[in-house]
Every structure is written in structure tokens, then in C-alpha cells.
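Good morning, and thank you for making the time.

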Amino acid sequence: MDTFTLTRGHAPLLISLPHDGTHLPGELAERLQPAARRVPDTDWHVARLYEPLARELGASVIKPVASRYVVDLNRPADGHALYPGRRETGLVSTIGFDGQSLYLEGKEPDADEIHQRVDIWWRPYHQALAGELARLKAEHGRAVLWDGHSIRSQVPMLFEGRLPDFNLGTADGASCGSELQWRLTNVLEAQSRYDFVVNGRFKGGHITRHYGRPADGVEAVQLELAQCQYMDEESFAWEEGKAKQVQETIQALLRCCLA
């Protein structure tokens, strides 16, 4: 089976949705705790948020098939920590955002299985992502990578209190130029519906940090959305009215990337 979907656009913008997948291959689901089989830590509905906007703007979109419980595409392949000193989930995580074990006792993956998952699921996604960025840059002389994420608004293991609605990450300004960060910040400052932070708890994961090379003509930005602003966090149900409003703000941000 294909491990990802890449839809090519004509604009110098690639939208990556690395935690959109929900598939659990083979017998993996049987090895997981019952609660984990619902893949609750999915970035629910991010493709539904972004794909209509991508079609309108001519942006490319890449998204995986598999759940982040198979392998986390926004972690480096060697598994080193993104935020040293803080508790976090890993490349092939054995705990969920609630801090509880994902696997039944004795069913955790060993090193060989982890390497296999990286080869089957992680490498093809990143090869395709890198290839599409190279294509866009060759065609336009520049490219912007937008890494789209969402998360429950309250995850005590990862952060205290309630997460801001919009969380922009540019690796503290290293993954994109100062002008683009300024334009994006202005969009969020100009609206009053959502609160936001730039380079707060989520500064950008592996994808943003690895591919963002402003000096080489490739800028990268991560957006982490609070899921309560477009869906029900308990049932995972899409909420159309709220989602349309979120899309309006996302669209304004994406347009900045093409300015």
C-alpha cells in the first residue's frame, strides 16, 4: 500500500500534515491498549482544514496514511529529543499524551522493529517531502514549507494550563526569514477571535527545523492549533461552523507565504 499521499500544486508552498494518518498496520492494533486503538493523539481533521485552502491557493499537500503511533514523522530518525529535559513522546513512542503506556505488557516494539518502521513509513515520506521542496524551489526560486498540526487544548504532560489557539513555530526564527515571521504575526495580531503565541511551547518539530533553510531559499513554519477551536475534543467530531472560522485565519496566514 502507499504510505503517503502527495498532491502537487503550482504555487511555491508545500503543506505537510505529518500526524493526519490514523491507520494501524497488521497486528499492531492488537498489541495496543484498548484506549490507544482509537489513536486519540491524532491531529484530527487537519487534512479537512487544509486541503480546500490548498486547492484554492495552488499549494502542494503531503500527508501520511499511518498513525503517529506507527512512527512519528515529525521526529528525527535517530530518535533524539526535540525538547531536552521535557517529557515528550518519541520517534516510535510507547506512551501517549496522557503519559500512559500505548502497548500491552510485553508487546512493545524492539530495536529491529523500530528500524523497520523507519524504513517503511518514515523515509518515504521524507524523501517525497524533500523532493517536492526541491521541485518547487527549482520552479520558483523559493519555497515555503507549512507544517500543519493540532492538539488537544489541555495536555498536562506536555504543557501547563490551556494551550493558545494558534501556536506558530519558526525554531526561534531560524527556520524562516524575519519578514515572513513578521507578516504572519501581523495577521494574528490583526484578529481578535483567537489567542496566539509565536515560538512558545511549540517552536517547530523536526520537519520545521530540518527543512527550514532561509538562506537557501526554503522557509519553514509550524502551526499547532488547539483542537477545541474546530472540533469536539472528546468525541473527535468535526464542528463545521467553528472550523470555517479557523480556516479563514489559516487562509490569511498561508497567503502571507505566497506574498
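A cavity, on a 1 Å grid over the protein atoms alone, is a set of points where a 1.4 Å probe fits but cannot get out, and lining residues have an atom within 4 Å of a point. Its volume is the space filled by probe spheres set on the points, which are joined across faces, edges and corners. Please note that this is a predicted model, in which local features need pLDDT of at least 70, side-chain atom pairs count only at pLDDT 80 or more, and totals for linings use all residues. Residues are numbered from 1 along each chain, and side-chain values use heavy atoms, without hydrogens or water.

The whole structure contains three cavities of 30 Å³ or more. The largest has a volume of about 210 Å³; of its 20 lining residues, R68, R75, F97, F202 and E224 are the closest to its centre. Strand β4 (143-151) contributes the most to this lining, with three residues; strands here are DSSP runs of E of at least two residues, and helices runs of H or I of at least four, numbered from the N terminus.

The second largest cavity has a volume of about 50 Å³. Among the residues lining this second cavity are D41, R68, D72 and F97.

I turn now to helix α3. After α3 comes G141, with a positive phi near 85°.

Key. On a 1 Å grid over the protein atoms alone, a cavity is a set of points where a 1.4 Å probe fits but cannot get out, and a pocket is an open set with protein on both sides within 12 Å along at least five of seven lines; lining residues have an atom within 4 Å of a point.
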